[in-house]
Amino acid sequence: MKGVTRDRAISFGLVAPSIILIAVFVYGFIGFTGFSSLTKWDSMEPNFTFVGLHNYQRLFSTVPTDRFLCDLRNTVTFTIFFLVGCIVLGFALAVLLDRHVRGEGIFRNIFLFPMAISYIVTGVVWRWILSPGTSLTGSTGINLLFDKLGLGFLKWGWFTDANMVYIHPDSRFGVFLAHIGLGGLASPYIGISLAMISVVLAASWQMSGYTMAMYLAALRGIPTEMREAARVDGATELQVYMRVIVPMIRPVTLSAIIVLGHISLKIFDLVVSMTGPGPAFATDVPAYYMWDTTFRGNNFASGAAIATLLLLVVALLIIPYLVSTTRSEVRA
Amino acid sequence: MARRFLTVFSIVLVLGASLALVACGGGGNKLEIYSWWTAGGEAEGLKALMDVYHKQYPNVQIINATVAGGAGTNAKAVLATRLTGGNPPDAFQLHAGLEVQKYDPEKYLVPLDDLYKSQGLDKVFPQDLLSLLQYKGHYWGVPVDIHRANVLWYNKKLFADNRLQPPATWDEYFKVSKVFKAKKIIPMTMGTKEGWESCHVFETVLISVLGPDGYKGLWTGATKWTDPKVTDALNLYKNMLADINTDHAALSWDQALQYLLDGKAAMFIMGDWTNGWFTSKNFTGYGWECVPGTKVFDGLSDSFALPKKAPHMQNALNWLQVCGSQAGQAAFNPLKGSIPARTDVDPSLFNPYSQSAMKDWTSEPIAPSVMHGAAAIEKWATVYKDIMNTFATNLDVSTTQQALDQAAKDNLAM
């Protein structure tokens with residue numbers, strides 16, 4: 001009886017280097033970042049004086065800046081609209097292409113192409129398109145188009161609009177919420193940053209082709225017999241989609257949510273090239289703040305705290321997915 | 001898959017390590033100069049400065065190590081790693097003033113007091129600059145140039161057409177604004193896309209309202225941020241913001257300046273690198289004035305510092321000597337579009353704007369710029385920037401003043 005066979009020893013030996021490298025360079029540094037976020041490291045020279053959760057506390061307070069709270073609000077806005085936009089649009093495109101239209105290959109490529117472009121390029125182009133112009137200089141970009149088409153009432157500030165949609169604490173509903181103990185919901189930090197919609201437009205334009213490709217593959221994977229059986233049973237076309245096809249492609253929807261979700265939580269390059277932090281941080285995101293405070297402000301501890309929070313949020317999204325996929329793999 | 005990746009990875013590692021060894025080989029008669037001057041006039045100026053050095057020390061091979069990126073953001077991050085890692089360049093670019101704090105000078109840099117004495121530098125720089133250059137009682141850098149932040153640029157034609165004089169006081173400023181507004185001309189154009197531009201303008205307003213000493217006190221704790229004068233400054237700035245271009249948040253400073261060049265806007269507040277921008281656009285119809293109420297030189301200065309572990313110490317010392325010399329400053333500054341830190345360089349080498357700035361440099365009190373690394377440590381400057389970015393939109397004076405006060409408390413407590 002031998003506990004360790006030669007084969008096993010070799011395979012372990014071969015895997016060991018990558019385990020060690022990942023342990024050090026991934027988990028080691030995650031641990032170091034988490035540790036740094038609890039220290040007073042706010043200049044070039046590391047300063048590991050322990051300050052507890054002070055950095056986190058500062059992030060969640062409104063003084064001296066409420067930047068992180070704005071960032072969280074923007075991330076939520078962006079994630080929701082971006083996910084809904086990409087999935088609805090991607091699914092619609094996939095359904096259209098699934099009809100075996102003529103020149104399907106061309107359309108598929110057209111829809112998929114934006115994904116091949118870097119976010120930096122997308123950001124610059126959409127900044128040009130959505131740049132609003134002023135009352136003195138006249139409209140530019142898409143606002144100019146609206147003017148020419150006689151749709152002037154559609155003009156607005158796009159990503160320069162600093163307005164928020166939220167429940168005002170003094171409004172009747174806000175007072176009512178306060179009355180039932182939910183006054184916290186009536187705050188500008190729980191709301192929709194209108195400027196963020198412009199960024200969502202650009203991001204959805206880029207990524208909906210990707211969801212289309214995923215959905216198209218899934219649709220092609222559904223046997224024709226299934227649809228025909230449903231039709232024979234008297235289902236209308238709408239029912240075929242709602243009752244048969246949508247449930248069958250649910251795993252794809254889940255994958256799309258995971259992939260797009262973690263993109264939207266970590267979005268950085270698009271915001272940098274398109275809008276910057278925006279007026280009153282209307283388009284700021286945590287990743288941008290992290291970069292700003294770490295490399296411009298040399299406040300490494302604060303940057304590490306943001307990084308840790310970002311990791312936690314992404315983990316909230318990814319870990320359940322990983323657990324469920326591992327389980328289904330085991331089952332299979 | 002993982003195995004193949006690992007093989008490739010280890011090959012890359014080994015190759016990288018051997019390359020690094022070659023690069024670190026040091027030795028030789030070299031001089032590595034580290035800066036973020038990569039574009040246009042800046043790069044040309046640096047080249048001219050290196051030529052001066054090369055003439056005096058022809059046997060030294062100069063390595064021009066630059067890292068691109070606005071205001072040196074990227075360069076500073078790389079430099080920090082090299083300094084702490086014990087592999088510094090021979091001399092590096094540093095904004096004169098409190099920016100030096102971030103490099104922990106007592107540990108990493110060589111004090112330059114002897115060089116100042118032997119070269120007589122303490123006699124050719126203005127007293128205010130000398131005190132700005134001192135940190136913990138020592139000089140850590142040799143300044144090569146000076147830029148001015150508090151300049152009000154204006155479109156000459158628009159002022160002449162409307163028979164107006166450039167404003168010297170804030171009352172005049174708002175009167176002038178009214179006239180332009182009535183004629184559908186933007187009185188003051190501003191681009192606030194990157195956040196620092198509006199802070200730059202507010203900084204000049206602060207200096208104007210509090211005076212140079214009151215303003216300097218804000219960054220040392222001598223003046224309280226709760227001072228009613230700060231409230232006045234915020235209110236004044238708020239009134240200014242009411243009349244600027246509505247698309248300011250979408251523009252960077254040079255895009256906003258285009259309005260002035262096109263005759264759609266009348267005035268603009270920005271540092272004197274604006275002068276170089278006008279020149280590059282072949283635009284001559286501009287005039288300049290101090291920002292109203294600031295008979296002060298709101299300045300920032302680039303200097304070169306010497307790391308303790310500089311591999312070619314003597315060459316680096318010679319370089320600093322060239323930086324501080326009359327010949328070096330006369331070669332560098334006309335190309336960079338800045339003015340020399342020395343007060344004894346021949347003004348005829350410079351364009352009319354620079355000549356006027358040189359005159360003010362010797363006669364006016366100097367206030368260090370906060371947005372450009374002179375007045376406060378960087379951590380504080382970024383928070384200040386964030387607060388003022390929010391103010392540009394919500395215009396909430398009392399909350400902003402509280403926030404500024406809190407930021408000061410956080411950073412002065414250290």
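A: In this predicted model, α2(B) passes α15(B) in a right-handed crossing. Helix α2 covers residues 40-56 of chain B and helix α15 covers residues 326-336 of chain B, and their axes come within 7 Å and cross at roughly 165 degrees. Angles over 145 degrees count as roughly antiparallel, which makes α2(B) roughly antiparallel to α15(B).

On the α2(B) side, the contact is made by Gly41(B), Glu42(B), Glu44(B), Gly45(B), Ala48(B), Leu49(B) and Val52(B). From α15(B) come Ala327(B), Gly328(B), Ala331(B), Phe332(B), Asn333(B), Leu335(B) and Lys336(B). By class, this contact of α2(B) with α15(B) has seven nonpolar, four polar and three charged residues.

The setting of this pair is chain B, which is divided into domain 1 (28-148 + 300-368) and domain 2 (151-298 + 370-412). The centres of the two domains of chain B, taken over C-alpha atoms, are separated by 28 Å. Their contact takes 22 residues from domain 1 of chain B and 22 residues from domain 2 of chain B. On the domain 1 side, β6 (141-148), α16 (352-363) and β13 (366-368) of chain B are the elements that give two or more residues. Of these, α16(B) gives the most, with four residues. The residues on that side of domain 1 of chain B divide into eleven nonpolar, six polar and five charged.

Chain B also meets chain A: 37 residues of chain B are in contact with 34 residues of chain A. The elements α1 (2-23), α3 (73-84), α17 (378-394) and α18 (397-412) of chain B each supply at least two residues of the side that touches chain A. The largest share of that side, eleven residues, comes from α17(B). Sorted by class, the side of chain B that touches chain A comprises 13 nonpolar, twelve polar and twelve charged residues.

Helix α8 (residues 194-221) of chain A and helix α11 (residues 250-266) of chain A have axes that come within 10 Å and cross at roughly 160 degrees. That makes α8(A) roughly antiparallel to α11(A), and the crossing of these helices is right-handed. Met207(A), Thr211(A), Met214(A), Tyr215(A) and Ala218(A) of α8(A) make the contact with Val252(A), Ser255(A), Ala256(A) and Leu260(A) of α11(A). This contact has seven nonpolar, two polar and no charged residues.

Helix α11(A) also packs with helix α3 (residues 67-97) of chain A, at an angle of about 145 degrees and with the axes 10 Å apart. Here α3(A) passes α11(A) in a right-handed crossing. Among the residues of α3(A) in the contact are Phe78(A), Phe82(A), Leu83(A) and Ile87(A), while those of α11(A) include Ala256(A), Ile257(A), Leu260(A) and Leu265(A). The contact of α3(A) with α11(A) divides into nine nonpolar, five polar and no charged residues.

Confidence in the prediction should be read alongside this description. The mean pLDDT of chain B is 87, and 92% of its residues reach 70 or more. Over residues 17-26 of chain B, however, the pLDDT is below 50, and this stretch has two contacts in the model beyond near neighbours in sequence. The model as a whole scores ipTM 0.75 and pTM 0.80.

Terms used: Residues are numbered from 1 along each chain as its sequence is written. Chains are lettered from A and ligands numbered from 1 in the order in which they are written. This is a predicted model: local features need pLDDT of at least 70, side-chain atom pairs count only at pLDDT 80 or more; totals for chains, interfaces and linings use all residues. Two residues are in contact if their C-beta atoms, placed from the backbone, lie within 7 Å. Ala, Val, Leu, Ile, Met, Phe, Trp, Tyr, Cys and Pro count as nonpolar, Asp, Glu, Lys and Arg as charged, and the others, Gly among them, as polar. Domain bounds come from an automatic or database domain assignment. pLDDT is the predictor's confidence in each residue, from 0 to 100. Axes are lines fitted to C-alpha atoms, for helices over the stretch in contact, and angles run from 0 to 180 degrees between N-to-C directions. Angles under 35 degrees count as roughly parallel, over 145 as roughly antiparallel, 65 to 115 as roughly perpendicular and the rest as oblique. A crossing is left-handed if the near helix is turned anticlockwise from the far one by less than a right angle, and right-handed if clockwise.
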